[in-house]
Amino acid sequence: MTARRVIPHVAMRPLWRCRNCGGEWPCQPARLGLLVEYRGNRTGLLVYLATLMTEAERQLTQLHPDRRDELTDRFLTCARARE
């Protein structure tokens, strides 16, 4: 029996697609993993995701100068506190 290689749900830069599932990063599994990793530190998670969002915006704008993606929902919605 051969061991399967596990591919993590991480961003493939500069495309900002998931290396595992190909979805827009952060994909749902990546969001869940980040929520678990940053449990109890929502502020830290928001700072981390905002930093990555800035990097993604810069890289995606270089790839597609005519297109402006709204990345706020994509990167920050999952980290907002539930009311």
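Reader: Which residues form one aromatic cluster here?
Author: W16, W25 and F75 form that cluster. This is a predicted model, in which local features need pLDDT of at least 70 and side-chain atom pairs count only at pLDDT 80 or more, while totals for chains, interfaces and linings use all residues. Residues are numbered from 1 along each chain as its sequence is written, and side-chain values use heavy atoms, with hydrogens and water left out.

Reader: And how many aromatic pairs does the count come to?
Author: The count comes to four aromatic pairs, where rings of Phe, Tyr and Trp (its six-membered ring) pair if their centres lie within 6.5 Å, and planes under 30 degrees apart count as stacked, over 60 as edge-to-face and the rest as tilted. One of them joins W16 and W25, a tilted pair at 6.0 Å centre to centre with 55° between the planes.

Reader: Are W16 and W25 buried or exposed?
Author: Both W16 and W25 are buried, meaning under 20% relative accessible area with a 1.4 Å probe and protein chains only, whereas exposed is over 50% and partly exposed lies in between.

Reader: Switching topic, what pLDDT does the chain average?
Author: The chain averages 91, and 95% of the residues score at least 70; pLDDT is the predictor's confidence in each residue, from 0 to 100.

Reader: Which classes of residue are in the lining of the largest cavity?
Author: That lining has two nonpolar, two polar and four charged residues, with Ala, Val, Leu, Ile, Met, Phe, Trp, Tyr, Cys and Pro counted as nonpolar, Asp, Glu, Lys and Arg as charged, and the others, Gly among them, as polar. On a 1 Å grid over the protein atoms alone, a cavity is a set of points where a 1.4 Å probe fits but cannot get out, and lining residues have an atom within 4 Å of a point. Among the lining residues are E57, H64 and L71.

Conventions. 1 Å grid on protein atoms, 1.4 Å probe; cavity = no way out; pocket = protein on both sides within 12 Å on 5 of 7 lines; lining within 4 Å.
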